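Subject: Structure handover

Hello,

Please find the structure below, with notes on what turned up in it. Have a look at it before reading on.

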2 protein chains.
Amino acid sequence: MNVSAKHSDAASLVSNTIGEITRHIRTHELGPGDRLPSEAELSRQLSVSRTVVREAFSSLAAMRLIDLRAGRRATVAELDYGAMSLVIEHGVHTEQITVQQIYDVRRTIETRTAMLAALRRSADEAERIRDHALAMRENFQRPEQVMEHDLAFHLEIAKAAKNPVFSLIVGAFERVSRQTWPIGWRSRPSDAEQLEMIQIHIDLAESIATGDPQSARDLMARHFDESVKALLTAGIA
Amino acid sequence: MNVSAKHSDAASLVSNTIGEITRHIRTHELGPGDRLPSEAELSRQLSVSRTVVREAFSSLAAMRLIDLRAGRRATVAELDYGAMSLVIEHGVHTEQITVQQIYDVRRTIETRTAMLAALRRSADEAERIRDHALAMRENFQRPEQVMEHDLAFHLEIAKAAKNPVFSLIVGAFERVSRQTWPIGWRSRPSDAEQLEMIQIHIDLAESIATGDPQSARDLMARHFDESVKALLTAGIA
DNA sequence: TATCCTAAACCTGCCATACAGGTTTAGTGG
DNA sequence: CCACTAAACCTGTATGGCAGGTTTAGGATA
């Protein structure tokens, strides 16, 4: 094995290798889908063992910067909120973040996405957003379904805002939302209350479809205000 | 070696192991600093090789959910925006995110943090925020210094907003900001222009110190509007 | 010539083992 | 009771190996 690996800057071999790989992506101007060198080749080029390259790849895959699949070469990944979602979830589970704090951030972000979506959404997006809202009403006896459409509804609005960073952030709350959503739902025990909550979604979809940013903004704000109220009722302190 | 590892659900051994470890953190209600089982022990418990446990640990460390140090047991990590910052940086380098899009998100987030900081900051925080703003003016001949205090200024405001999720998001833009900051600086070639930009920071610090949320909000908004204008002047399309 | 197919080459997932150093701990001597 | 040291433990890295998925070149076929 090559012994010339003494030059390395302080940190561990693995983190240096991570740096080298991201540098490779940057300098070669690789985009999503482009293939990276094989583990063996990187191992040779960087004079480290395949073990180290593997761990570096593994770490990058954990952050969803690259895609790994057996037999295939590693490829540059599309933007993905999976890692960020895990970070947020970790924060909640270790009690470094409260559910309310998340709602405050979501309100801040999503009043903006609602507004932008009203201005920028395509016809298709407007329709998809409305479809999710309507599906919530249709399936309102099946909370599981309602939740899925609710999550998709918010993500679709972020997408319609035409700014992937908003999508990333909204997506980052998905894992936590899946866990707290049922609490909010149960705190609205009557059909009337549940349908009222769903109606806000439908109205919001309508505002986005007709291109009324102010109304979209206000409805999203109201949605979150109501949700926080519901959570407080449920005793989430 | 134990052959009973067939039960595993679809995904790879490593990702299953990651799930098991996060589950361990959750069920044992571990908090920051608490120690996890050793690699060897987890390897035994989960009937996988140490290699797999190592790669799982490595992935979790990449997302900054745990801390790893040679010889020491892995510990649960404090909330850290390192991973999120890499994700954003990756998005920009692979041209999936533009610098403007980031500014739009930052404006959305930071007008809120400025407002909250004005309402919630402690006396210490108010002082630290002001110190950074003043240090920008004092060192304004040394861009490197100005940038560092600028970054710290924004982070400190997020911290004063008393919502760690805001800190996380503001921090997530740090790596990218370090790379784009000089562009904005160079687009303000005269001392007067540079000092004008810095003055906004000082005024903002003052608003937060005196507890004027509306003014803090407006100044932060203006700050971002000016910055975007500067970037456009510099030709960042 | 173009297309389909197959076998070889390549590649990744996972495992076992080994050893150098850093860290913790228990025990020993003062 | 305290300070110190040696042993036990732990992680970082390397090597070699094998099973199985993927790619590809080249030959067979239409």
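The notes below take one chain's fold, then a single residue, then the contact between the chains.

Please keep in mind that this is a predicted model.

Chain A has 11 helices and 2 strands. In sequence order the pattern is α-α-α-β-β-α-α-α-α-α-α-α-α. The radius of gyration of chain A is 22 Å, whereas the globule rule gives 18 Å for 237 residues, so chain A is more spread out than a compact globule. Its C-alpha trace spans about 70 × 40 × 30 Å along the principal axes. Of the 237 residues in chain A, 43% are buried. Counting contacts in chain A between residues at least 6 apart in sequence, 70% join residues at least 24 apart.

One residue to look up is Ser177(A), which sits in helix 9 (residues 174–186) of chain A. Is Ser177(A) buried or exposed? Ser177(A) counts as buried because it has 23 C-beta neighbours inside 10 Å, and the cut-off for buried is 20 or more. From Leu79(A), Ser177(A) is 98 residues away in sequence and 20 Å away in space, C-alpha to C-alpha.

As for the contact between the chains, 39 residues come from chain A and 39 residues from chain B. On the chain B side, at least two residues each are supplied by helix 1 (13–27), helix 3 (50–62), helix 4 (82–93), helix 5 (99–120) and helix 8 (164–172). The side of chain B that touches chain A divides by class into 21 nonpolar, 11 polar and 7 charged residues.

Regards

How values were computed: Residues numbered from 1 in each chain as written. Chains lettered and ligands numbered in written order. Predicted model: local features only at pLDDT ≥ 70, side-chain atom pairs only at ≥ 80, totals over all residues. Contact = placed C-beta atoms within 7 Å. Helix = DSSP H or I, 4+ residues; strand = E, 2+ residues; numbered from the N terminus. Nonpolar A, V, L, I, M, F, W, Y, C, P; charged D, E, K, R; others polar. Rg over C-alpha atoms; globule rule 2.2 N^0.38 Å. Buried ≥ 20, exposed ≤ 12 C-beta atoms within 10 Å, placed from the backbone.
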